[in-house]
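Me: I would like to go through a model with you. Could you take my questions one at a time?

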Amino acid sequence: MEETVYGSMLHSGEHLFARSLQNLGIDIHVRKADTYREDNRGIIEIKEIIPIEKIAQAEIETNKRINEGLPVEEFEFPNMNEALKSFPKLRFNE
């Protein structure tokens with residue numbers, strides 16, 4: 001599989017995993033997500049300490065969502081204010 005396609009898939013998976021943790025009540029702050037690596041391994045650095053049970057639950061939910069084959073959409077906005085108008089619950093770093 002082409003690296004950029006695989007990296008895009010890993011990047012989308014990172015978002016699903018973060019949302020799965022949030023659905024479990026874990027308020028996370030991703031410090032770094034490196035999903036475009038030559039070895040095709042995604043690495044996510046999270047500031048919080050998360051119980052292993054919650055990680056396992058989030059992994060199950062994430063894999064379930066991936067297996068559903070959900071469509072991935074990409075949106076471009078001129079600035080963050082415009083993005084927040086369309087997606088008021090959006091969470092991202094500048």
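This is a predicted model: local features need pLDDT of at least 70, side-chain atom pairs count only at pLDDT 80 or more; totals for chains, interfaces and linings use all residues.

Me: What pattern does the chain follow along the sequence?
Reply: The order is α-β-β-α-α, with three helices and two strands in the chain.

Me: Which residues make up the largest nonpolar core?
Reply: Seven residues form that core: F17, A18, L21, I26, I28, I50 and A58. Helix α1, residues 3-23, contributes the most to this core, with three residues.

Me: How much of the chain is buried?
Reply: Of the 94 residues in the chain, 16% are buried. The accessible surface is about 7,500 Å², and carbon and sulfur atoms account for 51% of this surface.

Me: And contacts: what share join residues at least 24 apart?
Reply: The share is 52%, counted among contacts between residues at least 6 apart in sequence.

Me: Changing topic, how many salt bridges are there in the whole structure?
Reply: The search finds two. One joins the side chains of E68 and R65, at 3.0 Å from N to O. The other is between E82 and K85, whose closest N and O atoms are also 3.0 Å apart.

Me: Where do E82 and K85 lie?
Reply: Both are in helix α3, residues 80-86, at a spacing of three residues, about one turn of the helix.

Terms used
Residues are numbered from 1 along each chain as its sequence is written. Side-chain values use heavy atoms; hydrogens and water are left out. A nonpolar core is a set of buried Ala, Val, Leu, Ile, Met, Phe, Trp, Tyr and Cys residues joined through side-chain atoms within 4.5 Å. Buried means under 20% relative accessible area, exposed over 50%, partly exposed in between (1.4 Å probe, protein chains only). Helices (H or I, at least four residues) and strands (E, at least two) are DSSP runs, numbered from the N terminus. Contact means heavy atoms within 4.5 Å. Accessible areas come from the Shrake-Rupley method with a 1.4 Å probe; for residues, only the protein chains shown count as cover. A salt bridge is a side-chain nitrogen of Lys or Arg within 4 Å of a carboxyl oxygen of Asp or Glu.
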